[in-house]
Amino acid sequence: MSVVGAQPFIKPMQPSPSVSPGIQRRHTLPASEVRPLNTQDAISVFEIEREAFISVSGECPLHLDEVRHFLTLCPELSMGWFEEGRLVAFIIGSLWDQDRLTTEALTLHKPCGSTVHIHILAVHRTFRQQGKGPILMWRYLQYLRCLPNVRRAVLMCEDFLIPFYRKSGFKVLGRCAITVANLTFTEMWYPISGHAYMRRNSCFIGVLL
């Protein structure tokens, strides 16, 4: 996988005058791109989230208004993977300013915090079992290294997901203080230190080739 470009959208190229009209290529949206999310993506985000989480646990980590809330306050802490303009996987995060997560972390964004709370990682049902979740998480963690004030990332997950996040480099912190209905969670963390080895100008937006 290589990452190129720093613009959220790639403008269609104008056909070269030297190319015969009969063999001109048809330019479309990039086959695969990664970019921050915005409020216009909120409904697509929520539809993927609702299918992914309600079918398993009966609960959504974020309701639609909360998705819009975080994409308004801190869109730079989100990341979406698009295939030909269609959202297929995403991460939403916010900043937190305490050592451990509390109930307030579910809805608050603390701009002065140095911890990124990863609220959701979800993949559209038709694109699962293709490795997109781990790839997007890796890309997101590399991107966080480009943010000067971020020192670590944390998340809470059900126990059956612990092996998945361990493969991405997360370590177990312990039992999370947050419960949702009858669900309990384990809190995990990932240290953010140093600089991404990717080029500095590729830290924001990229096209996956």
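## Basis

Residues are numbered from 1 along each chain as its sequence is written, and side-chain values use heavy atoms, with hydrogens and water left out. In this predicted model, local features need pLDDT of at least 70 and side-chain atom pairs count only at pLDDT 80 or more, while totals for chains, interfaces and linings use all residues.

## Overall layout

The protein has four helices and nine strands. These are DSSP runs, numbered from the N terminus: helices are H or I with at least four residues, strands are E with at least two. From the N terminus on, the order is β-β-α-α-β-β-β-α-β-α-β-β-β.

The protein has 209 residues, and 44% of them count as buried. Buried means under 20% relative accessible area, exposed means over 50%, and partly exposed lies in between (1.4 Å probe, protein chains only).

Two strands pair if DSSP finds at least two bridges between them. Strand E3 (78-83) pairs with strand E4 (residues 86-96) in the antiparallel sense, over six bridges. Trp81 has Ala89 in E4 as its bridge partner. E4 also pairs with E5, again antiparallel, over eight bridges. Here Ala89 stands opposite Val123 in E5, and Ser94 stands opposite His117 in E5.

E5 and E6 pair in the parallel sense, over three bridges. Thr115 stands opposite Arg152 in E6. Together, E5, H3 and E6 make a right-handed β-α-β unit. Right-handed means that, with the strands pointing away from the viewer, the path from the first strand over the helix to the second runs clockwise.

Both E4 and E5 are mostly covered. In E4, ten of eleven residues are buried. In E5, the count is nine of nine. In a regular strand the side chains alternate between the two faces of the sheet.

## The largest pocket

The largest pocket has a volume of about 1000 Å³. A pocket is an open set of points on a 1 Å grid over the protein atoms alone, where a 1.4 Å probe fits, with protein on both sides within 12 Å along at least five of seven lines. Grid points are joined across faces, edges and corners, and the volume is the space filled by probe spheres set on the points.

The lining of this pocket has 37 residues. A lining residue has an atom within 4 Å of a point. Phe53, Leu121, Ala122, Leu161 and Tyr165 lie nearest the centre. The elements giving two or more residues to the lining are helix H1 (42-54), strand E5 (115-123), helix H3 (132-144), strand E6 (152-157), helix H4 (162-167) and strand E8 (183-191). E5 gives the largest share, seven residues.

By class, the lining has 24 nonpolar, eight polar and five charged residues. Ala, Val, Leu, Ile, Met, Phe, Trp, Tyr, Cys and Pro count as nonpolar; Asp, Glu, Lys and Arg count as charged; the others, Gly among them, count as polar.

## Positive phi in two loops

Glu84 is found in the loop between E3 and E4. Its phi is near 50°, a positive value in a residue other than glycine. E3 and E4 form a hairpin with two residues between them, and Glu84 is in the turn. Glu84 is exposed, with a relative accessible area of 60%.

Gln129 lies in the loop between E5 and H3. Gln129 has a positive phi of about 60°, although it is not a glycine. Its relative accessible area is 82%, so Gln129 counts as exposed.

## Cysteines

The structure holds zero disulfides. A disulfide is counted when a pair of cysteine sulfur atoms lies within 2.5 Å. The cysteine sulfur closest to that of Cys157 is in Cys176, 9.5 Å away, which is too far for a bond. Cys157 is buried, with a relative accessible area of 3%. Cys112 counts as exposed, at 82% relative accessibility.

Cys74 lies in the loop between helix H2 (64-73) and E3. At 1% relative accessibility, Cys74 is buried. Cys74 and Asn38 are 36 residues apart in sequence and 9.3 Å apart in space, C-alpha to C-alpha.
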